[in-house]
Amino acid sequence: MGEYDPENSGFISTERFRDLLATHGSELDPHKLEVLLALADGNADGKICYQDFVNLMSNKRSNSFRRAILQGSRQLKGCSLRDEAGLGLSQRLVRHVAYETLPREVDRKWYFDSYTYCPPPWLILAITIAEVAVFMYYGFQLDRLVLQVSSPTFLKSPLPYHPQLRAQAWRYLTYIFMHTGIEHLSLNMAMQLLVGVPLEMVHGALRIGLVYVCGVLAGRAQAEPRPSPGRAQAEPRPSPGRAPAEPRPSPGRAQAEPRPSPGRAQAEPRPSPGSLAVSVTDMTAPVVGSSGGVYALVSAHLANVVMNWSGMKCQFKLFRMAMALVCMSVEFGRAVWLRFYPPAFPPCPNPSFVAHLGGVMVGLTLGVVVLQNYEQRLQEQSLFWIFFCVYTLFVLCAVFWNIFAYSLLDVRLPPPP
């Protein structure tokens with residue numbers, strides 16, 4: 001370095017840098033050589049930072065390096081990554097993932113050159129295997145695979161969330177391992193693997209795990225806080241104002257609308273159209289399934305594709321986006337139908353569907369910021385901290401709501417399983 005930087009300033013001129021490339025370029029990977037040439041042409045001041053060169057050779061990219069590439073006056077030379085021939089199966093898989101998730105050719109080549117399958121995409125695979133194992137265990141134990149939620153012992157597991165057991169904090173995460181049936185698990189598992197594994201290969205387990213866990217927590221927080229007081233008044237059997245209006249001791253009234261009748265309890269309150277708006281905030285419903293985390297990942301990915309539509313070079317992207325939206329809609333529609341279907345064991349309602357909406361909200365905010373900054377550190381992004389602080393405030397409000405709202409609103413909860 002002293003030969004090219006006699007003043008020890010940490011910079012070398014682009015002319016001397018080009019001499020280095022001409023002398024030793026044959027020893028470099030062709031993708032790195034192209035990026036180095038772009039780095040040389042992108043510096044209008046005629047100098048190149050030695051640290052940027054070190055970061056490139058050690059597979060670390062800085063903000064200044066990215067700006068140098070984006071502000072360069074020339075395009076990268078050579079054929080695109082898609083036109084390269086003679087690649088092995090693993091290299092073709094990495095190239096496919098690069099075109100599925102990254103909008104810039106520079107980033108795609110960088111990822112293709114630096115990815116080593118170490119570590120492998122273990123997080124999403126581990127979560128999926130655990131979900132399948134738990135489902136099969138309870139499938140044999142309950143002796144059913146379809147609509148396991150209809151079994152009287154389904155909610156007795158220590159994993160699903162139940163409003164009567166909300167003090168057991170682990171249930172806010174472990175509910176993702178329980179599913180209402182094989183149809184629920186299949187749709188979630190398909191979206192989780194097809195979207196989550198490629199995203200983890202590109203962005204790493206830490207970032208994808210952050211989005212996934214935030215979607216899970218937001219899904220549970222969305223499914224029970226924010227209730228309207230009308231919920232406590234719509235089914236307030238202990239309410240003093242309601243008792244005089246429909247006095248249960250009246251013989252004629254008791255025969256006309258026998259409120260204690262189990263059949264009436266199944267037929268009336270849940271499917272009633274008037275309860276649709278207030279049931280969105282389901283304070284009394286249990287929650288199962290990984291839909292919150294899955295919807296956070298899928299929503300973030302789809303939003304990233306739309307925001308970088310011209311740069312995304314994945315094949316049939318419009319058709320595939322439409323298919324992803326169809327799968328999400330089918331899964332969400334199944335959850336809504338199940339929620340308003342008469343419960344098998346009243347007064348406990350069927351599992352809530354609002355976790356899907358919480359996951360979408362996380363994906364469209366925090367998830368988009370994470371996926372847009374492939375090569376930069378998240379702690380350097382102000383927008384990431386804004387969304388993260390808002391999310392943290394939301395979770396804290398949900399915690400306080402869980403502590404105080406049930407008693408203040410006098411919500412009638414279903415009995416514990």
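I began with residues 318-341, where the chain is 96% helix and 0% strand, with 34 Å between the end C-alpha atoms; helices (H or I, at least four residues) and strands (E, at least two) are DSSP runs, numbered from the N terminus. The model is a predicted one, in which local features need pLDDT of at least 70 and side-chain atom pairs count only at pLDDT 80 or more, whereas totals for chains, interfaces and linings use all residues. Residues are numbered from 1 along each chain as its sequence is written, and side-chain values use heavy atoms, with hydrogens and water left out.

I then checked the record: the unreviewed UniProt entry annotates "transmembrane region" over 122-140, 318-341, 353-371 and 383-409, in the numbering used here, with feature names shortened and annotations that may be inferred rather than shown by experiment. Over residues 383-409 I again found 96% helix and 0% strand, the end C-alpha atoms being 36 Å apart.

Leaving aside residues up to four places away in sequence, V298 touches M191, V195 and M328, a contact being heavy atoms within 4.5 Å.

I turned to charge pairs and found four salt bridges in the structure (a side-chain nitrogen of Lys or Arg within 4 Å of a carboxyl oxygen of Asp or Glu). One joins D107 and R104 at 2.8 Å, N to O; D107 counts as buried because its relative accessibility is 2%, while R104, at 25%, counts as partly exposed. Another joins E105 and R108 at 3.0 Å, N to O, and these two are separated by about one helical turn because they lie three residues apart in helix 6. In helix 15, R334 and E331 are likewise three residues apart; their side chains meet in a salt bridge at 3.1 Å, N to O, and both residues are buried.

Last, I placed I403 in helix 17 (residues 382-408) and noted that I403 counts as exposed because its relative accessibility is 51%.

Notes: Buried means under 20% relative accessible area, exposed over 50%, partly exposed in between (1.4 Å probe, protein chains only).
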